[in-house]
Amino acid sequence: MLPRGRFLSTGAVEAPLRAPAKTMPDPKDKVFESVAGRYYVDSQCIDCDVCRVTAPANFQREEAKGYSYVFRQPASAEEEAQCQEAMDSCPVEAIGDNGA
Ligand code: SF4
């Protein structure tokens with residue numbers, strides 16, 4: 001599945017201008033691949049690439065299914081800040097922070 005949104009010259013994909021209606025991320029709806037810990041991605045992900053560009057040490061794409069997941073929780077203050085920025089930038093609020 002191709003990511004939705006506009007491809008940028010940097011190789012990233014800009015989020016669609018009209019994203020689906022936002023709802024709060026739901027830890028009970030987190031994608032299977034997300035590792036245990038503070039940050040997670042739920043099924044609202046539209047595969048826009050923002051989190052993977054913003055926090056590449058923590059977010060990866062599930063290639064077959066076409067969404068992102070947290071493959072590694074942040075291990076430094078820098079990664080923590082990048083994960084926070086990814087969460088704040090997600091156009092559909094698919095990234096959650098369970099506070100753990
Ligand atoms: S979790 Fe959010 S920022 Fe990451 S790819 Fe999915 S929609 Fe985009």
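Student: Is E93 buried, exposed or partly exposed?
Tutor: E93 is partly exposed, because its relative accessible area is 27%. On this scale, buried means under 20%, exposed means over 50%, and partly exposed lies in between, with a 1.4 Å probe and protein chains only.

Student: What kind of model is this?
Tutor: It is a predicted model, in which local features need pLDDT of at least 70 and side-chain atom pairs count only at pLDDT 80 or more, while totals for chains, interfaces and linings use all residues. Residues are numbered from 1 along each chain as its sequence is written, and side-chain values use heavy atoms, without hydrogens and water.

Student: Back to E93, where does it lie?
Tutor: E93 is in the loop between α2 (77-89) and β6 (95-97). Helices (DSSP H or I, at least four residues) and strands (E, at least two) are runs numbered from the N terminus.

Student: What is the phi of E93?
Tutor: E93 is not a glycine, yet its phi is positive, at about 55 degrees. Most residues other than glycine have a negative phi.

Student: And what about the phi of D49?
Tutor: D49 is not a glycine either, and its phi is positive at about 90 degrees. D49 belongs to the loop between β3 (39-41) and α1. With a relative accessible area of 14%, D49 is buried.

Student: Which residues are around the ligand?
Tutor: The residues there are V41, C45, I46, D47, C48, D49, V50, C51, S68, C90, V92 and I95. A residue is counted if one of its heavy atoms lies within 4 Å of the molecule.

Student: How does that shell divide by class?
Tutor: The shell around the ligand has nine nonpolar, one polar and two charged residues. Ala, Val, Leu, Ile, Met, Phe, Trp, Tyr, Cys and Pro count as nonpolar, Asp, Glu, Lys and Arg as charged, and the others, Gly among them, as polar.

Student: C51 is on that list, so where does it sit in the fold?
Tutor: C51 is part of helix α1, which covers residues 50-54. C51 counts as buried because its relative accessibility is 10%.

Student: What does C51 touch?
Tutor: Apart from neighbours within four places in sequence, C51 is in contact (heavy atoms within 4.5 Å) with P56, F59, S68, A86 and I95. Between C51 and Q82 there are 8.6 Å in space, C-alpha to C-alpha, although they are 31 residues apart in sequence.

Student: What about T54 in the helix?
Tutor: T54 also lies in helix α1, and at 17% relative accessibility it counts as buried. Leaving aside neighbours within four places in sequence, T54 is in contact with Q82, E85 and A86. A polar atom of the T54 side chain lies 2.7 Å from the backbone oxygen of V50.

Student: New topic: which strand holds E62?
Tutor: E62 is in strand β4, residues 59-62. At 17% relative accessibility, E62 counts as buried. Not counting residues up to four places away in sequence, E62 touches E33, Y67 and Y69. The E62 side chain also reaches the backbone nitrogen of K65 at 2.5 Å.

Student: How many helices and strands are there in the protein chain?
Tutor: The protein chain has two helices and six strands, and from the N terminus on the order is β-β-β-α-β-β-α-β. Of its 100 residues, 42% count as buried.

Notes. A polar contact is a pair of N or O atoms within 3.5 Å; within protein, one must be able to donate a hydrogen and the other to accept it, and residues adjacent in sequence count only if both atoms are side-chain atoms.
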